[in-house]
Amino acid sequence: MRPDTPAENVDHAAEAARLERTSGLYPEDAEALLLRAAAHLELSGDRPAATRLYDRLLSSAATGSPGLENPSLVRALKASNLWEYDHEAEARAIIDGVRAASPRDPAPWVIVAEALESHDELEAAHETFTEGARLLLTDVPEPPYSTHPLLYGRHRVRRMLGLAHDEWDALADTLHTMPVSLDELHDPKRVWSLGSDDPADLEAEISRLRAELGAYREALSRPFPVAMLHWPADELTELLQAYPPLAAEYPSYEEHLATIEAALRELASSGTPNLGVVPGTVPSYEAFAASEGASPADPALLPQYATTLAARGRAVAWPPQRGAVCWCGSQRAYGECHGRE
Ligand SMILES: [Zn+2]
Ligand SMILES: [Zn+2]
């Protein structure tokens with residue numbers, strides 16, 4: 001099985017159009033779907049079109065019915081997008097509003113702080129990360145996975161400002177499990193070495209920074225998971241009985257589960273943020289196939305189905321919190337199930 005969204009080779013404009021279409025079919029999930037469509041428009045370079053989607057979400061909430069689930073997130077993304085095409089004053093005003101609203105979700109804090117950071121407003125970025133951390137992490141014994149970017153971003157900006165480690169920085173260091181440590185990744189000397197006279201040094205340094213910044217920007221525009229599709233045992237049985245050609249994708253249930261875990265670990269070790277697992281059901285898969293005018297027996301449909309479910313907010317974050325049950329549904333602790341080394 002493949003993850004739903006390979007980062008490269010995506011036709012972002014087409015994907016945005018597909019997600020907008022899907023939002024018509026599932027109005028209850030329109031917010032998540034349109035946010036993802038806007039992210040694809042940003043990645044395609046059509047920032048004004050992304051702004052129009054953010055505005056559509058904000059105005060639909062203003063005029064009435066259900067209201068947005070996460071208005072601060074929509075505003076934060078809108079501000080970040082606006083600042084990228086020279087609407088700085090408007091972006092700043094929205095950012096002030098997001099900070100004043102004190103959202104309980106870490107994502108808007110991270111997005112506005114990173115917008116400030118990427119425009120060299122390090123002091124303001126630091127204040128913003130710290131406000132968010134104070135609000136969401138005071139007296140929290142185990143910071144939820146979703147708050148880690150807040151601590152990492154704060155750690156990064158503090159290194160750039162030359163500040164000494166505090167308790168939250170030490171916590172960020174222990175939470176970070178990538179091969180390169182946070183201190184090395186955020187070492188300001190690495191940035192200062194841009195002052196080097198050797199052109200080869202400079203070039204290498206600039207391309208490392210670009211790659212790193214690129215990863216941030218991508219994480220920024222994707223506050224939703226890259227999800228692996230998981231068929232619970234009874235659903236998988238039903239699926240393969242109804243559509244035998246799919247058996248090539250799923251030799252056995254155990255292997256299906258092992259493949260999901262292995263793929264997620266590989267994505268995590270390559271630095272892909274926001275990973276998740278999304279459970280499928282046969283009826284919803286058939287409905288999806290019908291809406292795409294395709295046969296459910298076509299394996300090419302599976303990753304698109306996973307993307308759509310994930311875009312509708314159905315994915316569960318991976319890895320599970322320490323001590324939490326496994327994503328596979330066994331009811332055993334993750335560490336004693338698929339989380340074992
Ligand atoms: Zn550190
Ligand atoms: Zn498991």
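**Two antiparallel helices in a predicted model**

Helices α6 and α7 run roughly antiparallel to each other, and they do so because the angle between them falls in the range over 145 degrees, where under 35 counts as roughly parallel, 65 to 115 as roughly perpendicular and the rest as oblique. Residues are numbered from 1 along each chain as its sequence is written, chains are lettered from A and ligands numbered from 1 in the order in which they are written, and side-chain values use heavy atoms, with hydrogens and water left out.

Let me start with the whole protein. It has 16 helices and three strands, where helices (H or I, at least four residues) and strands (E, at least two) are DSSP runs numbered from the N terminus. Of the 341 residues, 45% are buried, and buried here means under 20% relative accessible area, with exposed being over 50% and partly exposed lying in between (1.4 Å probe, protein chains only). The accessible surface comes to about 16400 Å², and 55% of that belongs to carbon and sulfur atoms; such areas come from the Shrake-Rupley method with a 1.4 Å probe, and for residues only the protein chains shown count as cover. If we take contacts, meaning heavy atoms within 4.5 Å, between residues at least 6 apart in sequence, then 62% of them join residues at least 24 apart.

Now back to the helix pair. The axes of α6 and α7, the latter covering residues 122-137, come within 7 Å and cross at roughly 170°, where axes are lines fitted to C-alpha atoms, for helices over the stretch in contact, and angles run from 0 to 180 degrees between N-to-C directions. By class, this contact has twelve nonpolar, two polar and three charged residues, with Ala, Val, Leu, Ile, Met, Phe, Trp, Tyr, Cys and Pro counted as nonpolar, Asp, Glu, Lys and Arg as charged, and the others, Gly among them, as polar.

Which residues does E117 contact, leaving aside its neighbours within four places in sequence? They are L122, A125, F129, R156 and V157. E117 lies in α6, residues 106-118, and it counts as buried because its relative accessibility is 13%. On the other helix, H126 lies in α7 and also has 13% relative accessibility, so H126 counts as buried; not counting residues up to four places away in sequence, H126 touches R154, V157, R158, L161 and L163.

A few backbone details deserve a look. S102, in the loop between α5 (88-101) and α6, has a phi near 45°, a positive value in a residue other than glycine, and S102 is partly exposed at 33%. Q331, in the segment after β3, likewise has a positive phi, near 70°, but counts as exposed at 63% relative accessibility. In the segment after β3 (316-317) we also find P319, and a cis peptide bond with omega about -5° joins W318 and P319.

Finally, the cysteines. C326 counts as buried at 5% relative accessibility, and C337 counts as buried at 7%. How many disulfides are there? Taking a disulfide as a pair of cysteine sulfur atoms within 2.5 Å, the count comes to zero.

How values were computed: This is a predicted model: local features need pLDDT of at least 70, side-chain atom pairs count only at pLDDT 80 or more; totals for chains, interfaces and linings use all residues.
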